[in-house]
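Here is a short report for a first look at this model. Keep the sequence and the 3D view side by side as you read.

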Amino acid sequence: MKKRVIFAAALTLTMCAGWSFSKSFTTESKLSELQIENVEAIANDSEDKTCTFNKVSKDEEKNELKCSGKGSQCCQMN
């Protein structure tokens, strides 16, 4: 009798684990819009990441660029 109870408990636990495992692969991903945009931005290697600034200015004394804002200007030293 004791073996049957242990077997039933183990079988139930195994079935629950299998159901939970299969459910995790069949449900739709519930990512927010921001998370999806971030994943797409990381995956998109063809985009030039230095050309996304609104304001680009060069500090002649320090010989460095100051880039800010969101736009289409490039932040590159020429």
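## Burial and surface

Of the chain's 78 residues, 3% count as buried in this predicted model. The accessible surface of the chain comes to about 7,400 Å². Carbon and sulfur atoms account for 58% of that surface.

Contacts across the sequence can be sorted by separation. Take the contacts between residues at least 6 apart in sequence: 8% of them join residues at least 24 apart.

## Overall layout

The chain holds 2 helices and 2 strands. Along the sequence they follow the pattern α-α-β-β. Helix α1 covers residues 2–26, and helix α2 covers residues 33–43. Strand β1 spans residues 53–59, and strand β2 spans residues 64–73.

## The hairpin

How do strands β1 and β2 run, and how many bridges join them? They run antiparallel, with 6 bridges between them.

The strands β1 and β2 form a hairpin with 4 residues between them. In this hairpin, N63 takes a positive phi near 55°.

## Confidence

The chain averages a pLDDT of 77. A score of at least 70 is reached by 83% of the residues.

Where is confidence highest, and where is it lowest? Helix α1 has the highest value, at 86. Helix α2 has the lowest, at a mean of 76. Where pLDDT is low, predicted coordinates should not be read in detail.

Conventions. Residues numbered from 1 in each chain as written. Predicted model: local features only at pLDDT ≥ 70, side-chain atom pairs only at ≥ 80, totals over all residues. Heavy atoms only, no water. pLDDT = per-residue confidence, 0-100. Pairing = 2+ DSSP bridges. Buried < 20%, exposed > 50% of the residue type's maximum accessible area, 1.4 Å probe, protein only. Contact = heavy atoms within 4.5 Å. Areas by Shrake-Rupley, 256 points an atom, 1.4 Å probe, with all protein chains shown as cover.
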